[in-house]
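I opened my notebook to record what I could look up in this structure, one entry at a time.

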Amino acid sequence: MLTKFTIAALAGDGIGPEVMREAIKVLRAIEKKFSLTVQITEAPVGWAGIDAAGKALPDATLAVCKQADAILFGSVGLPDRDPTIPKEERPERAALLRIRKEFGLYANLRPVQLPKALAHACPLRPERQGDGIDILVVRELTGGMYFGQPKKTEDYFHEEPQADEGATVIMKRAQRATDTMVYTTPEIERIAHVAFKAASLRRKKVTSIDKANVLENGVLWRDVVTRVARAYPNVTLEHMFVDNAAMQLVLKPTQFDVLLCENMFGDILSDEAAALAGSLGMLPSASLGKVSGELTFGFYEPAGGTAPDIAGKNLANPIAQILSVALMLRYSFGLNDAASSIEAAVAKAIGSGLRTGDIFSPHDTGAKKVGTREMGDAIAAAI
Ligand code: IPM
Ligand code: MG
């Protein structure tokens, strides 16, 4: 088994740098415990990239990523910064979406778990939480409306409705925005395989999300997923319209095991699911692409954003970033014990009552509010 790794660490903006610091702290503890050699190269991205090199994804940063065995990512995008920068050059598109496309990271895995100890942080009543929530969102990440062409905003003229018939027609200048939702059979097949494989190692149920009652994409999605399912006779497949899924998630989240979603639906439902698990600050994510036929090149990031309102105040929850390190060890390096060791350390810190503000509740007896750094220290110490 390989024990030497090179990692690109791209902290980015907002809370990115402070949660990345804690994740690296935990990774260093793992390195020691499991006798690994991890070389970490930090590089600027997002607004930090624009400030350092004039681009959200500086060439030097991309080069660091290409040489790495995996990319550990923080978060990018500050909505209030410089509205004059063209949208194509803003960090969300020029860094995050570009990396997803550049490295072919089509499989996004977002494991949502509500630990018993965090029942207070879940917005649902206890009887709806059942024995705990445990959902894996498998989100297609390089297709659909995010990338479909044409994608543009253009001027057009529309006829202003007139009060009386026969009045002079007035043409008014307006704008029209187009996004294109497009999926091909192979794109749907490959993400469906990821979902079925994941489900066969879990509770063996895939709920495939679509809007087949309205969208052409939905009809194709449903057909292809149904066909792929035949190769996995031990996994149950269920189809669900996305609007119903949004409702079912709050009514009975325990019915779900693996949620298979196209890009946009997965974006929306994974935020909703994360809220059920206490906080977006708890949700890690792995975005995987193929290297010599295996789905092992990965980009690991918290699913939440930059949270500029709390950035730099030692308030952010570092757990999503720390759990992203666990996903990296598991999916890119096959180090299951090291990954489990991080997950156990997180469970221990939470079990001992430590809470960042987002998961703190005054009704939670024994809970103690701590900062980003204290949470990171406790988890690193528990490794
Ligand atoms: C996510 C984020 C991104 C997305 C944004 C920041 C572009 O919301 O990873 O879920 O929409 O994919
Ligand atoms: Mg999102």
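I began with Lys197, working on a predicted model, and I found this residue in helix α6, which covers residues 185–200. When I looked up the surface around charged residues, I noted that Lys197 belongs to a positive surface patch, which is formed together with Lys101, Arg190 and Lys290.

Next I turned to ligand 1 and asked which residues are around ligand 1. I wrote down Leu96, Arg100, Arg110, Arg139, Tyr146 and Asp267. I then looked up the contacts of some of these residues, and for Arg100 I found an N or O atom of the side chain 2.8 Å from an oxygen atom of ligand 1. For Arg110 I noted a distance of 2.8 Å between an N or O atom of its side chain and an oxygen atom of ligand 1. For Asp267 I recorded that a polar side-chain atom lies 2.9 Å from an oxygen atom of ligand 1. I also looked up the area of the ligand, and I noted that ligand 1 taken alone exposes 320 Å², of which the protein buries 75%.

Terms used. Residues are numbered from 1 along each chain as its sequence is written. Chains are lettered from A and ligands numbered from 1 in the order in which they are written. This is a predicted model: local features need pLDDT of at least 70, side-chain atom pairs count only at pLDDT 80 or more; totals for chains, interfaces and linings use all residues. Side-chain values use heavy atoms; hydrogens and water are left out. Patches are made of residues with over 30% relative accessible area and no salt bridge: like charges are joined within 9 Å, nonpolar side chains (Val, Leu, Ile, Met, Phe, Trp, Tyr) within 5 Å. Accessible areas come from the Shrake-Rupley method with a 1.4 Å probe; for residues, only the protein chains shown count as cover. A salt bridge is a side-chain nitrogen of Lys or Arg within 4 Å of a carboxyl oxygen of Asp or Glu. Lys and Arg count as positive and Asp and Glu as negative; His and the chain ends are not counted. The place of a charge is taken as NZ of Lys, CZ of Arg, CG of Asp or CD of Glu. Helices (H or I, at least four residues) and strands (E, at least two) are DSSP runs, numbered from the N terminus. A residue is near a molecule or strand if one of its heavy atoms lies within 4 Å of it. A polar contact is a pair of N or O atoms within 3.5 Å; within protein, one must be able to donate a hydrogen and the other to accept it, and residues adjacent in sequence count only if both atoms are side-chain atoms.
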